[in-house]
Amino acid sequence: MFDGLSLYGRYVAASIRSQMQYRASFIMLTLGHLVATGTEFLALWALFERFGHIAGWTLPEVALFYGLASVSFAISEGVARGFDMFAPMVKRGDFDRILLRPRSTILQIGASEVQLMRIGRFGQGLIVLLWSASALNVTWTLARILLLLWTLCCGAALFSGLFVLQATSAFWTTESLEVWNTLTYGGVETAKFPLSLYEDWFRKFFTYIIPLAAVTYFPALAILDKTDPLGTSRLFQSAIPLGGMVFLGVALLLWQVGVRHYHSTGS
Amino acid sequence: MPQIVVQDLCKTFRVAERDPGAWGAIKGLFHRRYRHTSALDHISFSIEPGELVGYIGPNGAGKSTTVKVLAGILVPDSGVCQVMGRTPWKQRIPHVSQIGVVFGQRTQLWWDLPVIESFELLRAIYRVPAPVYRHNVEEMVALLGLGELLDTPVRQLSLGQRMRCDLAAALLHRPALLYLDEPTIGLDAVSKLAVRQFVKRLNKERGVTVMLTTHDMDDVEALCRRILLINRGKILLDGTVADLRAQVSRLRRLVVVLREEKDWIETDEARVIGRQGPQVTLEFDPERISAPDLIHHLTSAYGVRDLYVENLPIEEIVAEVYQGAGM
Amino acid sequence: MTAQTLLRGWRGYRAVMSARLREMLQYRTAAVAGMVTQVFWGLIHLMIYQAFYRSTATPQPMSLAETVDYIWLVQALLLLMPWRTDAEIQDMIRTGNVAFELAKPADLYTLWFARILGGRAAPMLLRFPLIYGMAALFFGLRLPASPAAAGAFVLSVLAAFLLSSAITTLMTISLMWTLAGDGVARLTATFASVLSGSIIPLPLFPGNLQRVLNLLPFRGLMDVPFRLYSGNIPLSAFPRELALQLAWALTLIVLGRVLLARGMRRLVVQGG
């Protein structure tokens with residue numbers, strides 16, 4: 001375990017050093033990323049400026065959802081981005097190289113594509129989250145802070161699980177990429193607002209099929225100390241983020257099935 | 001005891017077939033027809049420790065499928081495969097930590113990093129103890145002349161330099177078995193020679209078993225005591241290079257470049273099969289006249305600027321063996 | 001002069017464009033997948049705006065119905081945005097092979113412009129009817145406000161298409177000066193996406209911000225045609241808006257030509 005972590009650290013360091021070879025491009029990309037995510041929040045602000053609130057939710061409240069979704073997604077991009085880039089890797093035949101090395105495929109692929117510029121999204125999400133924390137009328141007890149951190153970890157696990165599933169599908173077809181983007185990038189977009197705003201079928205999809213609600217909506221209610229219009233208890237809201245971890249676990253099991261399929265077809 | 005045992009290995013691939021045109025593409029979404037191709041058709045051979053074996057055959061013959069099975073990447077449909085007592089695909093991690101693989105067309109080094117940093121990463125991946133690693137790097141640097149390359153990013157290396165570094169990278173964990181896939185493809189003459197010399201030495205001095213797939217008959221002649229010839233998933237020949245040549249034809253070719261463009265070369269012992277300006281290609285039977293005698297005869301009768309014995313290209317040899325096999 | 005060249009060269013460049021178009025048409029699966037994604041994004045936005053409009057009684061510069069039209073048109077014509085530079089030209093510039101382009105018996109700017117135009121026409125033609133159809137049948141997209149509005153919309157989209165290609169060509173040419181090309185392209189695309197209205201419709205921005213937005217070329221990419229469609233911009237303003245779009249396109253084409261000529265001269269002086 002420790003050995004694996006240290007290898008992961010080496011991969012990350014190597015990846016960062018590689019990117020530093022193209023410093024100008026790297027700086028522009030990071031900047032571009034920060035501006036992109038920054039203007040997005042600005043647009044949100046503009047809407048609240050005009051409409052005041054959305055179904056009773058204020059801007060700081062929505063900002064909490066926004067921050068939770070952005071930060072956990074940014075973390076998952078950090079640790080599992082290699083899976084997002086997996087389809088072209090299989091196409092190039094580079095997965096063979098991974099299999100030729102005496103380490104777990106999950107570790108090697110997760111670590112293979114750590115993009116430093118993603119720190120832009122992380123930073124912006126964190127700023128929004130901190131702003132929301134200070135603007136909200138909420139006392140930050142230890143329990144609340146722990147719940148927030150727990151939620152972020154589980155959220156990162158959920159999004160990583162989606163990346164792993166996307167990569168797994170590449171063992172069968174490399175043309176499905178854009179549909180998966182709907183679930184990953186579309187998922188973050190969805191999670192930036194309280195799920196109660198959406199229509200019933202849509203909400204159910206992101207609760208039961210992909211447990212996005214488990215890592216954003218429910219725990220956020222507990223943090224905000226709001227009663228759920230859908231009528232769930234506080235205990236449920238605090239425990240359910242575990243769903244994100246379970247989702248990742250299932251995804252990793254399916255990944256193993258995919259690897260086995262690759263072993264028998266070689267493509 | 002053999003290091004590699006392969007018995008009755010079979011592998012069939014399913015290839016999706018698609019009708020041409022837009023309609024075909026749409027139909028393909030719902031219903032797919034498959035064509036089955038047999039990549040390995042009851043392949044059997046065994047290799048002893050310390051052998052240097054050339055594995056040759058045309059594109060699509062099943063070479064890379066075999067190597068993939070031996071490397072644990074691909075699971076065969078049926079048959080036995082044991083490498084150092086293990087079934088590669090069942091014990092992937094212990095298996096791959098004892099083999100080295102080099103692909104001529106693909107590097108396993110990190111593209112944007114200095115070579116030495118790739119080595120460091122591989123050390124961590126293969127869990128090579130520090131003193132062993134240091135010793136191995138020193139040895140490789142000396143043998144392959146990597147000294148000034150270590151601090152250069154891989155993308156700035158020439159193909160020959162990169163191949164030398166890739167060879168070193170594949171050997172840092174001291175594998176007992178090395179698969180080389182087209183190691184000299186695209187290399188200049190000097191680099192080719194360096195790679196061959198290195199592989200030969202590695203095999204001789206360290207006793208590393210080497211399995212080499214290649215298109216380059218010169219590689220095979222320079223390195224391999226034994227060759228396995230495969231086509232359409234079947235082993236057509238398992239023997240020495242001489243066996244292969246003998247099976248095809250005794251005839252050899254001699255290319256002569258004349259000083260002046262004479263009209264014709266007349267000899268009883270050799271037949272002219274091609275002519276381009278002053279360059280004449282002759283075919284002769286070494287049983288009737290030895291190469292030195294023929295050369296002596298030619299140089300004394302004509303003004304010869306240059307001459308060399310030509311090998312039949314591997315595709316031609318394979319084609320002939322293939323025809324000889326009556327398929 | 002520039003417009004003349006474009007017209008004169010049309011026949012020759014049509015071959016380049018149609019080759020590229022056929023090439024892109026092969027990505028049918030990608031088109032279907034793209035449609036799913038775009039409809040999904042449209043749905044998220046649709047539900048969010050519905051919730052916003054339900055939350056206020058104050059009349060807004062755009063009605064909910066107009067906003068819904070706008071959202072779906074953004075999704076259906078998202079490829080109007082100057083998203084990325086032409087990969088092949090980018091590669092040529094990076095490797096220095098761009099010098100060989102000079103050997104082609106054609107005007108280089110027009111060649112590149114035609115290539116970029118053709119490259120984005122195909123995916124757009126593939127996606128637009130699919131997404132438009134889905135949205136109109138199931139998700140509240142209305143028909144154009146009037147037949148005249150429909151005509152104005154079509155002309156304005158064509159102008160937007162020229163404008164967008166001019167921006168993309170300019171972005172591509174800028175790669176001749178900076179190695180950080182990806183970054184430049186991404187920054188431009190980001191700004192363009194906010195300033196054109198593809199993130200939120202421009203009329204919903206605060207008033208003083210809109211005055212700035214009106215001075216920039218980007219609203220010609222999406223805001224203008226989409227509001228003409230729903231009648232949010234009255235037909236009487238159409239000639240002026242169209243002229244503005246075309247004037248911007250022309251300006252950026254001229255700018256691109258000047259920059260390209262300079263870049264090429266630099267390249268030749270340096271000896272590639």
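Modeller: A:Glu77 belongs to helix α3 of chain A, residues 59–84; helices (H or I, at least four residues) and strands (E, at least two) are DSSP runs, numbered from the N terminus. The model is predicted, so local features need pLDDT of at least 70 and side-chain atom pairs pLDDT 80 or more, while totals for chains, interfaces and linings use all residues. Residues are numbered from 1 along each chain as its sequence is written, chains are lettered from A and ligands numbered from 1 in the order in which they are written, and side-chain values use heavy atoms, without hydrogens and water.

Biologist: Why is A:Glu77 called buried?

Modeller: Buried means under 20% relative accessible area, exposed means over 50%, and partly exposed lies in between (1.4 Å probe, protein chains only). A:Glu77 has 0% relative accessibility and therefore counts as buried.

Biologist: Which residues does A:Glu77 touch, not counting residues up to four places away in sequence?

Modeller: They are A:Arg118, A:Arg121, A:Phe163 and A:Tyr185. Contact means heavy atoms within 4.5 Å.

Biologist: What makes a set of residues a nonpolar core?

Modeller: The members are buried Ala, Val, Leu, Ile, Met, Phe, Trp, Tyr and Cys residues joined through side-chain atoms within 4.5 Å. The largest such core has 172 residues, and A:Ile54, A:Phe86, A:Phe95, A:Trp255, B:Phe45 and B:Tyr179 touch the most other members. Beyond its neighbours within four places in sequence, A:Phe86 contacts A:Phe95, A:Ile109, A:Ala167, A:Ala170, A:Phe171 and A:Trp255. A second, separate core of 62 residues includes A:Ala14, B:Val102, B:Trp110 and B:Val208.

Biologist: How much of chain B is buried?

Modeller: Of its 327 residues, 50% are buried. Chain B has 11 helices and 13 strands.

Biologist: What is the area buried between chain B and chain A?

Modeller: Buried area is the accessible area (1.4 Å probe) that two parts lose on being put together, summed over both. For chain B and chain A this is about 2700 Å², with 53% from carbon and sulfur atoms. B:Ile73, B:Arg92 and B:Ile125 supply 23% of the area that chain B buries against chain A, more than any other three residues. The contact involves 31 residues from chain B and 27 residues from chain A.

Biologist: How do you know that A:Asp96 and B:Lys68 form a salt bridge?

Modeller: A salt bridge needs a side-chain nitrogen of Lys or Arg within 4 Å of a carboxyl oxygen of Asp or Glu. The closest N and O atoms of A:Asp96 and B:Lys68 are 3.5 Å apart, and the pair therefore meets the rule. Between chain B and chain A the count is four salt bridges.

Biologist: How many salt bridges does the rule find across the interface of chain C and chain A?

Modeller: It finds zero salt bridges there. The interface of chain C and chain A does have six residue pairs in polar contact, both residues at pLDDT 80 or more. A polar contact is a pair of N or O atoms within 3.5 Å; within protein, one must be able to donate a hydrogen and the other to accept it, and residues adjacent in sequence count only if both atoms are side-chain atoms.

Biologist: Which helix gives the largest share of the side of chain C that touches chain A?

Modeller: The helix is α2(C), with 18 residues. Chain C and chain A bury about 3400 Å² between them, and carbon and sulfur atoms carry 75% of it.
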